[in-house]
Amino acid sequence: MDSESNHQHDVVSSQSLVDETIVRTLTTLSLPTLPFDLIPEILSRLSFTKKHFQLSTASLVHTLTVSSDKYVLKSYPLDSVFTNVTTNPISELQFPLNVYFVGSCNGILCFFEEDCHKGFVRFQLWNPSIRKFKELLPLQQPHTHYLFLYGFSHDPITNNYKMVVVLRGHGNFVDNHEVKVHTLGTNCWKSIQNIPFGCVALQISGKFVSGTLNWLVAKEYDNKIQIFSLDLGSETYKEVLLPREVDASTLHSQLHSQLGVLRDCLCMVFGYDVWVMKEYKNKESWSKLFTISHIPDLPTYYGIIKVLHIFEDGQVLLDSTNGYTWKLIFYNSRDGTYKFTEFEFRCEVCVESLISPCF
């Protein structure tokens, strides 16, 4: 029995090694001269895309700019921010001006377009690495409700992607909202249980970590900031406790707090302190990575700071905005030195993947 078990283990280990070798080989060699559109379709039928994503260390930086009467989304290798080379994007996509960025998950970017006249919200997915675009089933939005929270995510239990939207009714009623979920590949939006408490959104786009979406909110009854999560598998809510050292009761904390994701861990900027939760949902695993020192050349009205990426040498890519314009900054977390890049657009960073949004 033991020898059979060991044999099975050896087979599995050997297969994993073969898969990994194939992935590493194919990601370093040129693919055959097939039509570009066919390559993602072929790879999506193999275990290649999942393995490639697990091994991928390459990231892309995405910039959203206004050109004439439209938004232009351009994607570059992340090292472009070192050289300020913005002449040859790997992909480019144009949107009307009423399209907004939701977030990203596993290399797939998500956007939404609100059509108030027709009472619909349309969500769109785009993987710039393979240039695949998909528009999701529109969500009917009653005129009595508005978009309160949203997030794009991956359910590890079903290995599928989900779009989550919270519609809130106009007025101050605690339970006056609806939570809608769309699973890719289906043709419906289903309702799930409502958020079990009243809150004010401090960051409307949820951050995907460990099979959950996480939002930063302020509780209605005491105005304290809180992180709450939605588990994509069980579709239940939980509170994610803040670091002990954080005072969640001040107005300053609401104005200068942001959630993010660093190296697949939940990250929080609180004032100028950058925290990371090394083990998800374990309060004791919160660790302060560094404190952002004063940046004299940054105007005081650039108050919201996001941490987009951290490099192995301690360099951190920061995004600061006043709500209308953006500054992208290199910050050395080890000695407090900084440098502005020439990127002055809204930026996002996500890992490169071959996963197709076309389910």
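Predicted model: local features only at pLDDT ≥ 70, side-chain atom pairs only at ≥ 80, totals over all residues.

User: What makes β17 and β18 count as paired?
Analyst: Two strands pair if DSSP finds at least two bridges between them. β17 and β18 (residues 265-270) have six bridges, in the antiparallel sense, so they count as paired.

User: Which sheet does β17 belong to, and why is β17 called an edge strand?
Analyst: The sheet is open and has four strands, in the order β17-β18-β19-β20, with antiparallel pairing. β17 (257-262) and β20 are the edge strands because each pairs on one side only. On average, neighbouring strands here are turned by 25° against each other, direction ignored.

User: What about β6 and β7: how do you know that they pair?
Analyst: Four bridges join β6 (residues 120-127) to β7 (residues 132-135). The cut-off is at least two bridges, so these antiparallel strands qualify. Gln 124 stands opposite Glu 135 in β7. The two strands form a hairpin with four residues between them, and Arg 131 in the turn has a positive phi of about 55°.

User: Why is Asn 282 called partly exposed?
Analyst: Its relative accessible area is 25%. Buried means under 20% and exposed means over 50%, so Asn 282 falls in between and is partly exposed. Asn 282 sits in the loop between β19 (273-277) and β20 (286-291). Leu 241 is 41 residues away from Asn 282 in sequence, with 8.1 Å between their C-alpha atoms.

User: What makes a set of residues a nonpolar core, and which members touch the most others in the largest one?
Analyst: The members must be buried nonpolar residues joined through side-chain atoms within 4.5 Å. The largest core has 37 residues, and those touching the most other members are Val 102, Phe 123, Phe 152, Met 163, Val 164, Val 165 and Trp 215. Strand β10 (residues 160-169) gives the largest share, six residues. Apart from this core lies another of 16 residues, among them Val 209, Phe 270, Met 277 and Tyr 280.

User: Which residues does Val 165 contact beyond its neighbours within four places in sequence?
Analyst: Its partners include Phe 123, Leu 139, Leu 147 and Trp 189. Contact means heavy atoms within 4.5 Å, so each of these partners meets that cut-off with Val 165.

Key: Residues numbered from 1 in each chain as written. Heavy atoms only, no water. Buried < 20%, exposed > 50% of the residue type's maximum accessible area, 1.4 Å probe, protein only. Axes fitted to C-alpha atoms, helices over the stretch in contact; angles between N-to-C directions.
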